[in-house]
Structure formats: structure tokens, C-alpha cells
Amino acid sequence: MSKATFILYRLIGMIPTLLGVMVVIFFLSRSIKGDPARMMAGDVADKQVLETIRREFKLDQPVYVQFFAYFQNLAVGNLGTSFQTKRPVLSSLLERFPATLELTLASLSFALLGAIPLGVLSAVKRNQPIDHLVRLLSVGGISMPVFWSGLMLIYLFYLKLDWLPGGSRLGVYTAPPPTITGMFTVDSLLAGNGPLFQESLSHLILPAFILGYGYMALLARMVRSSMLEVLTQDYIRTARSKGLAERAIVLRHGLRNALIPVTTLAGLAFAGLLGGAVLTETIFSWPGIGKFVVDAGLFLDYPVIMGFTLLIAIVYMFVNLVVDLMYSWLNPQIQ
Amino acid sequence: MATSSVLLSPPFARDSQPAWRIFWRAARRILQNRLTLFGLSVMLLLVFTAVFAPLLMPDSPTALRLGQRLRPPSAQFLLGTDEFGRDILSRIIGGTQVSLQIGLIVIGLAGTTGYLLGSASGYMRGRFDGVVMRVMDVILAFPPLILAMAIASFLGPDLNNAMIAIAVVHIPKYTRLARSEALALRESLFVLAARSTGASHWRIITRHIMPNSLASILVIATLDFGLVILTAASLGFIGLGAQPPTPEWGLMVADGRKYLVDAPWVATFPGLTIVLVVIAANVFGDGLRDVLDPRLRV
């Protein structure tokens, strides 16, 4: 099977799951307690206003009519209107998405850059103090609630030491860079604005660190166990008997092969990062889609929750597809 | 023939030793590992504290004392008081009941559902299997925490709804594991023997398939405990889990967030408790897996 047919096959295979996702989101939103019309209109609205809203949002129609209306709207990219902001959900989400993407990508790169050296070190120096330390750090990282460790970092680095800002993407009086990607660190670099880059980076460090730390821990553990397994293989012994330098053996023969199973976990980590981003954004007042949906949740703004969940599910499905493709590219034995 | 002996006997009765000896050997290996022992001790302490919470609490976890707001840790209030003058130590002790209950109910719900569905699915194959696995694919199409949040917010902010939400998210893990075990077990001779005596499908699934995959399921359940507590605390933190004045740890951290400047202890201690319990659960789960079912090593 050629690569293109494989991708096409996988994309077609995603359709039933995507339909299932939409059905689940629709019926979840209908399980909501209380009257959506009442929520939109407020407590003091009279009967006539409620009727108008019901008609406008097809709430007076049977469920199956609403169901098809929902699909019709999705087909033209209409995710509904937020109760709170009275604006289309899709454009609100797209506006905030770059902030979340910047945070997620920064923490993913931090996690990978930290996990690979730590995991390799830990495997090579197995059962030595450095190995115990790395394992301790990773158990701690997996077990730490992001929402708590984030607060502790804000307390230490912002409130006590005042080394780093304690939230949001830029200072209150700073104008954001001209929008190109929507990611402030990238945009300020593209605009050639050094001080602005520094400011946006200093705002990014704490949230990206705390969000990435848990996954760095998880990935380091994976790299360690994968390295340990690879290092016992015959081809490593061959490399050693050829008299190759230990460094070359570990990095070129060992690590390259050890990283293959790690790629699958990187996809999983991305899912966790998207979930964790919701908590991190809340703590650091980071104006991404995660904070947006938490605020919406408190006001029972269900079009926003529906749109957000659907968007994230789609992103996640594509990430999984990319991970699978990478996996088969790295390991041609797997089809 | 080597293959037939594998087919004949279920995986955990391979050596014909009495069950108590296998259990004893597993227990000894668990106790020998210091890290696993630490995990076990903390878990036992958690259960002990939850059972005897009313006797252990120095104060009521919900009594308001507005004259004693945000007091720092002292001899009277070992871990300080929160915004309503409630004793934080008592609330953490009360929280053990909430967390233990969440862990047991969620894992019980998700584990039983997934275990049954997966075993039936792997044994029956065919259309039933197809439908079940499609449903699991849909659940797995969402990042876990996001789906739990969505379900919890649509069902309404409440601890019971949060538990249902977290359980739903965890079902696929058990279903997939039980299914893969059942797929292997259904080909074994003892299942064929049972079928030839006219045993019903239900009987074969519950009496012959399920007992033989129980060990793996229990290991996964133990490993899940920490994750479930963490997820429940996260939902509590963003207001979708336990509601005030329940002494739930995630909720307590959220309460402390507003007073981080003047009273950092309000957020610090409940968070530390979460870390301790989750580390213990993870370490104990790892140890148990190594002893009971090393194949499951991730």
C-alpha cells in the first residue's frame, strides 16, 4: 500500500468516529439540566421572549429536527453563538487558539528536550544516584497536579522573588506585535522587536514549564525503559565489538531505535497537554481557548463547550494520525 | 505438546502450586521493595484516616469561625485556617473520605463496565464486538480530561456527575484489556470444553473468561487510582467537581488561590496531600504490576 492510499484510508476511517463524536456532543448537550432559553434570556424575561428564543434556536422542535439542524450548521462551519458574548463560537475559538498553540508547543518542546537527555542518562547510569534522582523526579512529575504546582511557582517566582511575571501573555501596558501567526514570541521575532520578544518569552516560561514538566517526566520514563531494552540488543553488542566509541553506540545505535516507541507516547502527551492547558491557562490567566471554556462552563454557555470539545477532538484525531504516520515512517517494518 | 499445555491452563494457574503460596510469594516480593512498601503504607494510612476521620479530626471540617480567618499554622491550628476560619488539617482529614470514595466508585464503575463489555466483546466477536469497539473509539477520540470536563459541565457541577464523567473516560482502557485477554482465552481448550458441555455464553464469559483476566484488570485498576484522584481534584479545582463546603482537596486549592499572597498555606497543604497520595498510589501500582503481571509494563 502506498503512503498516499494509507493516508486516504486512515482519513476515511476517521469519518465514522468523527460522526460518533458529533452525536455524543449533541446528546450530551441535550442532557443539560434546566431550560436553555431561560438561561439565554435571564431570570426576569417574560413568556413571549422565551417563546421567541425557543423558535429562533429550534428548541420547540422535536429532537431529531434539532439534531439535523446541528449537523447542517456544522457542515457550513457554524458552531453556534455564545450565550455570553453573543458572538459566533467558531471565530471566538479561532481568535484564542494561537495562544493555546503557543503554550502547548512550548511545553511539548520543553518536555522532549528535557526528557531525552534525562532518560538516556538514567538508562546509561542505571541504578546509580543520577538514575534514582531522575526516577524520583519523574514519579513526582506524574503525580503533581498542574493547578497546584502552577500556583506554587507563581508564589515563588512572582510573589516572593519577582523574577518572572505571574500571568497573562504580556504586561498590561504593552501592545501585542502585529498578528502573523498569533503566537506572540514568534510574531515579535518576525517583527524584529527584541524587547517585546523578551517580554512575551518571560510570560511564557512559567506556564510552559509547569505544563510540560509532567510530560517530561512521563517521556523520560519511557525513554529510560526503551533505552534499557535497546541496549541489550545484539546490534549494540556488535557495535561495541567493532570498537565504536561508547558515545556513538548510545546515541547513534541506541537512542535512534529507542525513540521509535517514544513517538507514540508523544501523541498521547499532546492530548494531555491540551487537557492540562485548560488548567494552566486558568491559573496563569492565559487568554487561550482553555480559559475561555472554563469561564463558559461557569455560565453554562453550552454552545462554547460544544464547539471547544469538537475542535479539540478534531485536532487530537489529526495529531494521532500524524503520530501513526511518523511511526510507520520511523519503523518501516510496521504497515 | 507445548502449545496444548498453554491452551489447557489459564495463565495464572500455570504452576500447580496452591493459591496461598503464590499469594504469599507475591506479598513477600511487594514487602521487599522499599518503594512499593512506602506506597502501600501511605495507601493504608489513607484508608485508616478515612475510616476513623471523625475521631482523628481535631475540629469540624465545615464549622465557620469568622473571627479566626486565614490564621497561619500554629499550635491551635496545625496547618492554619482558611477564608472562613475552618481548620485546614481537619478539612484535609475529611477529604480522605471524599477522595477514597471517588477512587473506589469511579474505578468500580469504569472497571466493572469495561471488564464486562470487553470480555463479552472479545468472546462474542462479530457485530457486538464491532459496535462496542466503535463506541470506545469515539470515547478515545477526545483527550481524557477534556471529555471528563465536557460531560461534567453538561450534567451540571456536582460530585456525583464528576464521578460519572471520570468513569466514562476510563472505560475504554478496561474494555480493551479485557477484550484482548478474552480473544486469547476463547481459543483455549477449557472454553471449548465448557461449550461442549452446553454452558451458556453468559456462563462461559463470567465463569471461564473473566476470572482468568482478573489479575491484569486489578493491576490496571490499582495504577488508575492515582490518576482518578488527580482528575477529580482537577475538576474540583475548576468548579465542576465537589461543591463547597465539601472538604475536597482540589476545591481547597482553588479556595486558597485567592489568598496566595497573604495566606499561602491554604493552597499549599491540600496540594501536598494530593501529591503524596498520588505518588503513593503510582508507586504501589508499579510494584504490584511488576509482581503480578510484568507483561503490562508500559
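**Figure 1. Kink in helix 10 of chain B.** Helix 10 of chain B is kinked by about 50° at B:Met210, shortly before the proline B:Pro211. The view is taken from a predicted model. The end C-alpha atoms of this 37-residue helix are only 45 Å apart, whereas a straight helix would reach 54 Å at 1.5 Å a residue. Helix 10 of chain B is mostly covered, with 26 of its 37 residues buried. The residue B:Gly239 follows helix 10 of chain B and has a positive phi, near 90°.

**Figure 2. Cis peptide bond between B:Pro244 and B:Pro245.** The peptide bond that joins B:Pro244 and B:Pro245 is cis, with omega about 5°. B:Pro245 belongs to the loop between helix 10 and helix 11 of chain B.

**Figure 3. The side of chain B that touches chain A.** The contact between the two chains takes 39 residues from chain A and 37 residues from chain B. On the chain B side, at least two residues each are supplied by helix 6 (126–140), helix 7 (144–155), helix 10 (201–237), helix 11 (249–257) and helix 12 (265–292). Helix 7 of chain B gives the most to this side, with 9 residues. Sorted by class, the side of chain B that touches chain A comprises 27 nonpolar, 7 polar and 3 charged residues.

Figure 4. Helix 7 of chain A covers residues 146–160. Its 15 residues should span 21 Å at 1.5 Å a residue, and the end C-alpha atoms are 20 Å apart, which agrees. The buried residues of helix 7 of chain A are A:Val146, A:Phe147, A:Trp148, A:Ser149, A:Gly150, A:Leu151, A:Leu153 and A:Ile154. Within chain A, the buried residues of helix 7 pack against helix 9 (194–230) and helix 11 (246–283). In chain B, the buried residues of helix 7 of chain A pack against helix 10, helix 11 and helix 12. Just after helix 7 of chain A, A:Asp162 takes a positive phi of about 55°.

**Figure 5. The largest nonpolar core and the surroundings of A:Ala269.** The largest nonpolar core has 162 residues. The residues with the most contacts inside this core are A:Leu219 and A:Ala269 of chain A, together with B:Ala148, B:Ile166 and B:Ile229 of chain B. Helix 9 of chain A gives the most to this core, with 17 residues. When residues up to four places away in sequence are not counted, A:Ala269 touches A:Leu108, A:Ala111, A:Tyr215, A:Leu218 and A:Leu219.

**Figure 6. Positive phi at A:Ser285.** Although A:Ser285 is not a glycine, its phi is positive, at about 45°. A:Ser285 is placed in the loop between helix 11 and helix 12 (289–298) of chain A. A:Ser285 counts as exposed because it has 12 C-beta neighbours inside 10 Å, and a residue with 12 or fewer is exposed.

**Figure 7. Positive phi at B:Leu70.** B:Leu70, which is not a glycine, has a positive phi of about 50°. The loop that holds B:Leu70 runs between helix 4 (53–56) and helix 5 (88–124) of chain B. With 16 other C-beta atoms within 10 Å, B:Leu70 is partly exposed.

Figure 8. The secondary structure of chain A comprises 13 helices and 0 strands. Along its principal axes, the C-alpha trace of chain A spans about 85 × 55 × 40 Å. Of the 335 residues of chain A, 38% are buried. Among contacts in chain A between residues at least 6 apart in sequence, 69% join residues at least 24 apart.

Figure 9. Chain B contains 12 helices and 0 strands. The C-alpha trace of chain B spans about 75 × 45 × 30 Å along its principal axes. In chain B, buried residues make up 47% of the 298 residues. Of the contacts in chain B between residues at least 6 apart in sequence, 72% join residues at least 24 apart.

Key
Residues are numbered from 1 along each chain as its sequence is written. Chains are lettered from A and ligands numbered from 1 in the order in which they are written. This is a predicted model: local features need pLDDT of at least 70, side-chain atom pairs count only at pLDDT 80 or more; totals for chains, interfaces and linings use all residues. Two residues are in contact if their C-beta atoms, placed from the backbone, lie within 7 Å. Helices (H or I, at least four residues) and strands (E, at least two) are DSSP runs, numbered from the N terminus. Ala, Val, Leu, Ile, Met, Phe, Trp, Tyr, Cys and Pro count as nonpolar, Asp, Glu, Lys and Arg as charged, and the others, Gly among them, as polar. The expected span of a helix is 1.5 Å times one less than its number of residues. The bend at a residue is the angle between axes fitted to the seven residues ending there and the seven starting there. A residue is buried if 20 or more other C-beta atoms lie within 10 Å of its own, exposed if 12 or fewer, and partly exposed in between; C-beta atoms are placed from the backbone. A nonpolar core is a set of buried Ala, Val, Leu, Ile, Met, Phe, Trp, Tyr and Cys residues joined through C-beta atoms within 7 Å.
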